[in-house]
Amino acid sequence: KFAALALCLGITSMGQVPAATAAPIFFTLETSFQTAASGAPLPLESFEGSNQFGGPINFPGLVVTTSDGAAVSTQSDASATDGSETLTWFRSGQGDIVFTFANSISSFGIDVLDLGTTSTGPATLSMTVNGVTQALFVDFAGPGSNLLFAGVVDSNPFTTVVFSNTDLLDLVFFDRLQTSQIPEPGSLALIGLGLVWLGLAR
């Protein structure tokens with residue numbers, strides 16, 4: 001009982017659980033990603049109804065920007081995997097696309113459409129999280145209207161996800177963003193207090 005109480009007090013006094021040292025784990029299979037992230041479907045952002053072009057593009061709790069010569073927009077797209085619109089990354093090989101979240105997350109998964117289908121391909125698509133970069137699709141060339149998945153889970157919370165592409169003129173579409181949020185410190189404190197109460201009750 002006292003060991004459990006000490007653990008709970010340790011959590012509540014700091015306001016957060018100490019970060020683990022594990023590196024990000026990257027995924028190209030959605031089922032494996034969901035199992036690692038939560039074992040259940042995650043909340044979706046489908047980029048609907050914003051009609052924004054050029055960047056930055058704003059969504060609830062999320063800002064999407066690009067660097068250098070790349071651009072980003074939302075647009076109607078028949079290949080959308082949820083709803084009728086996609087997030088579109090123009091000239092993706094000329095600059096990164098950056099997803100920045102207002103609150104820390106522990107998992108990020110997204111549909112990637114039409115990668116590496118230009119005459120300047122093939123494309124290598126990489127993802128960077130917490131300073132770790134992983135090539136997800138290497139020298140990928142079509143076929144047209146391809147549907148891929150990119151995901152990452154990290155026990156160390158993060159707020160930024162960066163994609164880079166080696167195909168200078170590639171036009172890449174994203175849809176159906178899935179994330180899991182990190183509880184706010186106040187929520188962790190309440191959980192800790194609840195565990196303390198259970199420990200004392202026993």
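**Aromatic cluster, nonpolar cores and salt bridges**

In this predicted model, ring pairs join Trp 89, Phe 99, Phe 101, Phe 108, Phe 163 and Phe 174 into a cluster. Rings of Phe, Tyr and Trp (the six-membered ring of Trp) are taken as a pair if their centres lie within 6.5 Å, and planes under 30 degrees apart count as stacked, over 60 as edge-to-face and the rest as tilted. The structure holds 12 aromatic pairs. Helices (H or I, at least four residues) and strands (E, at least two) are DSSP runs, numbered from the N terminus. For Phe 163 and Phe 174, the ring centres are 5.3 Å apart and the planes lie at 40°, so the pair is tilted. Here Phe 163 in strand E10 is linked with Phe 174 in strand E11 (residues 172-181), 11 residues apart. Both Phe 163 and Phe 174 are buried, a term that means under 20% relative accessible area, with exposed over 50% and partly exposed in between (1.4 Å probe, protein chains only).

The largest nonpolar core has 34 residues, and those with the most contacts inside it include Phe 99, Phe 108, Phe 163 and Phe 174. Such a core is a set of buried Ala, Val, Leu, Ile, Met, Phe, Trp, Tyr and Cys residues joined through side-chain atoms within 4.5 Å. The largest share of this core, 7 residues, comes from E7. A second, separate core of 5 residues includes Phe 27, Phe 33, Leu 42 and Phe 149. Leu 42 is also among the residues touched by Thr 179, together with Pro 43, Phe 101, Ile 105, Ser 107 and Phe 108, when residues up to four places away in sequence are not counted; contact means heavy atoms within 4.5 Å. Thr 179 is found in strand E11 and is buried, with a relative accessible area of 11%.

A search of the whole structure finds 2 salt bridges, each defined as a side-chain nitrogen of Lys or Arg within 4 Å of a carboxyl oxygen of Asp or Glu. Arg 176 forms a salt bridge with Glu 30, and their closest N and O atoms are 2.7 Å apart. This pair connects Arg 176 in strand E11 with Glu 30 in helix H2 (residues 30-37), 146 residues apart. Arg 176 is buried at a relative accessible area of 16%, whereas Glu 30, at 23%, counts as partly exposed. The side chains of Asp 111 and Arg 176 also meet in a salt bridge (2.8 Å, N to O). Asp 111 lies in strand E7 and Arg 176 in strand E11, so the pair ties together parts that are 65 residues apart in sequence. Asp 111 is buried, with a relative accessible area of 3%, and salt bridges that share partners join Glu 30, Asp 111 and Arg 176 into one network.

The protein averages a pLDDT of 82, and 79% of the residues score at least 70; pLDDT is the predictor's confidence in each residue, from 0 to 100. Confidence is lowest in helix H1 (residues 2-14), at a mean of 36, and highest in strand E1 (residues 25-27), at 98. Where pLDDT is low, the predicted coordinates should not be read in detail.

Residues are numbered from 1 along each chain as its sequence is written, and side-chain values use heavy atoms, with hydrogens and water left out. As the model is predicted, local features need pLDDT of at least 70 and side-chain atom pairs count only at pLDDT 80 or more, while totals for chains, interfaces and linings use all residues.
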